[in-house]
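Here is a short note to go with the structure below. The points are numbered so that each can be checked separately.

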Protein chains: 2
Amino acid sequence: MTRLKNDRFLRALLRQPVDRTPLWIMRQAGRYLPEYRATRAKAGSFMDLCTNPERACEVTLQPLERFDLDAAILFSDILTVPDAMGLGLYFAEGEGPKFKRPVRNARDVDQLQSPDPENELRYVMDAVRTIRRELDGRVPLIGFTGSPWTLATYMVEGSGSKEFSLSKTMMYDEPALMHRLLSKVTDSVTQYVNAQISAGAQAIMIFDTWGGVLSPRCYQEFSLNYMKQVVDNLNREHEGEKIPIILFTKNGGQWLESIADSGCDGVGLDWTTDLSQARARIGDRVALQGNMDPNVLYASHQTIRDEVARVLASYGDGEGHIFNLGHGIHQHIDPDKVSTFVEAVHELSQPYHSK
Amino acid sequence: MTRLKNDRFLRALLRQPVDRTPLWIMRQAGRYLPEYRATRAKAGSFMDLCTNPERACEVTLQPLERFDLDAAILFSDILTVPDAMGLGLYFAEGEGPKFKRPVRNARDVDQLQSPDPENELRYVMDAVRTIRRELDGRVPLIGFTGSPWTLATYMVEGSGSKEFSLSKTMMYDEPALMHRLLSKVTDSVTQYVNAQISAGAQAIMIFDTWGGVLSPRCYQEFSLNYMKQVVDNLNREHEGEKIPIILFTKNGGQWLESIADSGCDGVGLDWTTDLSQARARIGDRVALQGNMDPNVLYASHQTIRDEVARVLASYGDGEGHIFNLGHGIHQHIDPDKVSTFVEAVHELSQPYHSK
């Protein structure tokens, strides 16, 4: 494979020296970009975009054409795995993702398939290979998965949820069944991510979108526990290069120490956690990724610069910081604001790496 | 006024000895009760229920008829104050609360009215007086308000929100204007709550539903700061009785120390915070209220008992704990499950107060 021309992101993730703080943006290939909306309109549905490797590659690269970002992230969806396990993913107009066959009982758990990533999920691996070829070493490619708990909530609810009543009732009332479900999901996720690594993903991010809706005890037992198993079983090296892993639990600020103990290389932070305090708590062990409030991008160009300066100052001097938002970029953000954001990070971060 | 027959809640809030852990339930008068739904159907709209003191009293007392709870809470809505400030509250069918005249600029802030609680909000004070009379000293009555920041988000957005783009843009881009808005809301809220105290509210809870969507710096500056001002200016004694104050920031688990420093008597906790750790952090200064996951009430009777036992054990021996859910009870909960919950707290908490 081609040698990387820009390895800032990977170096920062391994807490090695860089010339400026690397930056990428969660959901950087998304609806706020007119060129994304155009490709999406051509593709038809959101899933048509995910399942067509050429189109997935096209939208993955779009933000890199506009902005000088330090990483690409595979364009896909966290629900590809449950879909391949047999649940029948579909998107009802204006309603978000749904499953035709949600998991409600022991029989449903038993019937779950264990997808072969190069078969049922081959479209994802083809997208990874296509993107790597088209990137041609410009920046590293991040692969990703949803956390087992996060995927399980969708699988049990059959859709997105606000209260998680079905998934939490299974967890509280039938913990052994929930553990069986989570074990199966963990196996499939692990194979899926290892296949992404084989196909060319150079770092991995685990999105634990819904771990933060759990009590501390349940978080440990039903979410972090399974993310640890994924981390333990990933191929951490490929073709002589380290494959670092970032773990991100939204609303997980109270549990940073145990997240850092999972064996991951980096911890994603939302904006409710103070970056300097997070660094004091776990910065000796892991890199930190984040954590500007995505709403700052609605504000003026000057405010965006000021907030970038604040986040950088909060982390302070030295290595181990990857700049990002604390959550995915919103769809109504003006791309010009994103330019200001990217330029501010480039310009203002250099003094923190002057050595 | 009649002497209180059951003062467990007030005693626990002041960290005085009690025979068992007192319990009330956030949103205890609500849609999960068939008798509530019946009264609501008679009343017409939700606001008709709030603005009619007899009806508001009726639904306030309904959960006390069914369950042996240790406090009543005024049936009302946090948006009564913005409504009385001139925003024109209405409820669009199936859409939640909205304002006809949201606050978007300096002119809107200047035009805000400063409501006289015994005039524009007299219906609330009449409800407090009616409820106190009908309670006849059975249990104390809790009055409440939304936090200034929480109210300001609704006032600027004009409705509920998921992203808070308008309110946060005002906060980031025009902090001086947001501070003027928050000052005005704080003044109105303070007068409103003091009027509730004069009318007979025996404790006050401040609901900071949306403080937890802020960064740590913004939380201090735009939410906690104004809650402190409210706390500082409340009448903490009425007719020789102390009026304790509980402050509850949902998702505020990272900021408990500064919340406890606000001058409040009790801190409400959602279920993402470990109660024993919270007690170690701030239990020397304040009582703690919470914090069972409301989803536990979907589980079996046995699971409910087990989780109650767990929460009690987590707080441990001694005074200063008020049992509650970590958030409002959900509308689809079976009232029989609530009976199990209440009985479990009564029965299982006694050993923790055996001295």
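1. Helix α10 of chain A, residues 175-199, lies across strands β4 and β5 of chain A. The helix runs at about 170 degrees to β4(A). Angles over 145 degrees count as roughly antiparallel. Note that this is a predicted model.

2. The two strands under discussion are paired with each other. Strand β4 of chain A covers residues 141-146, and strand β5 of chain A covers residues 203-208. They run parallel and are joined by 5 bridges. Which residue of β5(A) stands opposite Gly146(A)? The residue is Phe207(A). As background, the strands of a sheet pair through backbone hydrogen bonds, in either a parallel or an antiparallel way.

3. Both strands belong to an open sheet of 7 strands in chain A, with parallel pairing. The order is β1-β4-β5-β8-β9-β10-β11, so the strands at the edges are β1 (72-73) and β11 (321-325) of chain A. Each of these has a single partner strand, which means that one side of each is left without a neighbour in the sheet.

4. Next comes a pair of helices in chain A. The axes of α5 (residues 80-87) and α8 (residues 148-157) of chain A come within 10 Å and cross at roughly 45 degrees. Because of that angle, α5(A) is oblique to α8(A). The crossing of α5(A) and α8(A) is right-handed.

5. Which residues make the contact between these two helices? From α5(A) they are Val81(A), Pro82(A) and Leu87(A). From α8(A) they are Leu151(A), Tyr154(A) and Met155(A). By class, the residues of the contact of α5(A) with α8(A) are 6 nonpolar, with no polar and no charged ones.

6. In chain B, helix α5 also covers residues 80-87, and Asp83(B) has its place there. Is Asp83(B) buried or exposed? Asp83(B) is buried, because 22 other C-beta atoms lie within 10 Å, and the cut-off for buried is 20 or more. Asp83(B) is 53 residues from Gly30(B) in sequence, and the two are 21 Å apart in space, C-alpha to C-alpha.

7. The last point is the contact between the chains. Chain B gives 25 residues to this contact and chain A gives 25 residues. On the side of chain B that touches chain A, the largest share comes from helix α9 of chain B (residues 165-173), with 5 residues. That side of chain B divides into 7 nonpolar, 13 polar and 5 charged residues.

Methods:
Residues are numbered from 1 along each chain as its sequence is written. Chains are lettered from A and ligands numbered from 1 in the order in which they are written. This is a predicted model: local features need pLDDT of at least 70, side-chain atom pairs count only at pLDDT 80 or more; totals for chains, interfaces and linings use all residues. Axes are lines fitted to C-alpha atoms, for helices over the stretch in contact, and angles run from 0 to 180 degrees between N-to-C directions. Helices (H or I, at least four residues) and strands (E, at least two) are DSSP runs, numbered from the N terminus. Angles under 35 degrees count as roughly parallel, over 145 as roughly antiparallel, 65 to 115 as roughly perpendicular and the rest as oblique. A crossing is left-handed if the near helix is turned anticlockwise from the far one by less than a right angle, and right-handed if clockwise. Two residues are in contact if their C-beta atoms, placed from the backbone, lie within 7 Å. Ala, Val, Leu, Ile, Met, Phe, Trp, Tyr, Cys and Pro count as nonpolar, Asp, Glu, Lys and Arg as charged, and the others, Gly among them, as polar. A residue is buried if 20 or more other C-beta atoms lie within 10 Å of its own, exposed if 12 or fewer, and partly exposed in between; C-beta atoms are placed from the backbone. Two strands pair if DSSP finds at least two bridges between them.
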